[in-house]
Amino acid sequence: MNASAAYLSSLFDLSDQQAYLAWRERKLTEAPRRAADLVVEIEDIGRLSEAEHGAILQRVRRCNMAVYQEAPKPGRDDKAAVQAFARAFGLERLDANVLADEDGITPLAVHREGSRARYIPYTERPIAWHTDGYYNTLPERAVRSVLLHCVNPAAAGGANRLMDYEILYIRLRDEDPAHIAALMRPDAMTIPPNAEEGLERQATPGPVFFLDRGGNLCMRYTARARNVVWSDDPAVVAAAAAIRRLLDGPDELILQHRLAAGQGLIGNNVLHTREPFSDDPASPRLLYRARFYDRVAGS
Ligand SMILES: [Fe+2]
C-alpha cells in the first residue's frame, strides 16, 4: 500500500480517531449546502478547457460530485461528447449492461411496452435511494463513477436527491461507530440471484462500505427492500435502519437537483433518488447514463 492509500485507509479505520476527526471537520466545512454550488458552466463538454476541468474536479474533491451546464449544441453528437468528457476525467472502463447501446452508454427514456418497460428506470415511477450497480460483483465490477447527461428533461418532475456517501458515513459514525463496523462486514447485504434472460447473476453478498485498493471509501446500497437481503445480525439490522432514517432526512447536506437540457451529473457514484415524473410523448425525457469502474481521476 502506498502512502496515499495508507493515509486514506486510516480515515476509515475505527481505531484511528484522530485522522478521521480532521477529515470529518474538513468534509463538513466544505460540503455544498445548495445544489447551485455544484453547477459549473461549460462551453462544450466535448472540449473542456483547463479552467473548466479544474472547476469540476474541485467540486468532486469536495463532495464527490459536480453538475455541468453546457450551452445548447444543436445537431451535435451528444454521446460522443459525453465520452470525451468522461475521458477527460479518466473514466474509460464502462460497465455496460444488456440494455446499453453498443457504445456502452444507456439511453434512459420511458418505454411503455417491450422488455425495458418492466424495469423501473424506464418508467415514470420514483426510484428510491441507491448507488448505481449495487448488484455488481466486487471488487472487479464495482461501479466507482457515474455520468448522467440530460438531453431533454421530463415535462414535470424527475429531479434527483443527492447525498455524498462520505457524509452518510460521517452521520453513521457520529451516531454509533458500531454501524460502520457492521456495514463493512462482507456479508452485510446480499443481492439475491437473478434468473432473467440476459441479466443472470449469482447471489452477490458484500459490504455496504468498503475500501478500494487506493484506500478510497466506496458504497453499495439500495433502499428497495425486495432487491436486497440484509444480514440478520442485530448490528447490521440497526445500521440498515439508521441509513433509512438518515436518508429520509431532513439533512442540510441532502441536495436536490433537476437536470435541465444540456446539464449533466458527474460523480463518484453518490447516493441518489429519482423523483417521479410525467413524460410528454411529444417531447420525451431522454438522459444518457454511463457507469465506470474508474474513479474520477484526481478526486
Ligand atoms: Fe441510479
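The legends below describe close-up views of a predicted model. Local features are given at pLDDT of at least 70 and side-chain atom pairs at pLDDT 80 or more, whereas totals for chains, interfaces and linings use all residues. Residues are numbered from 1 along each chain as its sequence is written.

View A. H3 spans residues 50-63; helices (H or I, at least four residues) and strands (E, at least two) are DSSP runs numbered from the N terminus. Its 14 residues reach 20 Å from first to last C-alpha, close to the 20 Å expected at 1.5 Å a residue, the expected span being 1.5 Å times one less than the number of residues. Glu52, Ile56, Arg59, Val60 and Cys63 are the buried residues of H3. A residue is buried if 20 or more other C-beta atoms lie within 10 Å of its own, exposed if 12 or fewer, and partly exposed in between, with C-beta atoms placed from the backbone. Seen down the axis of H3, the buried residues fall within an arc of 100°, so they line one face of the helix; the arc is that of the directions from the helix axis to the C-beta atoms. On the other side, Glu50, Ala51 and Gly54 are exposed. Strands S1 (39-42), S2 (65-70) and S14 (263-267) are among the elements covering the buried residues of H3, where contact requires C-beta atoms, placed from the backbone, within 7 Å.

**View B. Helix H7 and its surroundings.** The buried residues of H7 are Val236, Ala239, Ala240 and Ile243. They lie within an arc of 100° seen down the axis of H7, so they line one face of the helix. Pro234, Ala241, Arg245 and Asp248 are exposed on the other side of H7. Cover for the buried residues of H7 includes H5, helix H6 (177-183) and strand S12 (229-230).

**View C. The crossing of H5 and H7.** The axes of H5 (residues 165-175) and H7 (residues 234-248) come within 11 Å and cross at roughly 125°; axes are lines fitted to C-alpha atoms, for helices over the stretch in contact, and angles run from 0 to 180 degrees between N-to-C directions. Leu168, Arg171, Leu172 and Glu175 of H5 make the contact with Ala239, Ala242, Ile243 and Leu246 of H7.

**View D. Ala155 in a loop.** Ala155 is found between strands S5 (145-152) and S6 (156-157). Ala155 and Asp280 are 125 residues apart in sequence and 5.6 Å apart in space, C-alpha to C-alpha.

Conventions: Contact = placed C-beta atoms within 7 Å.
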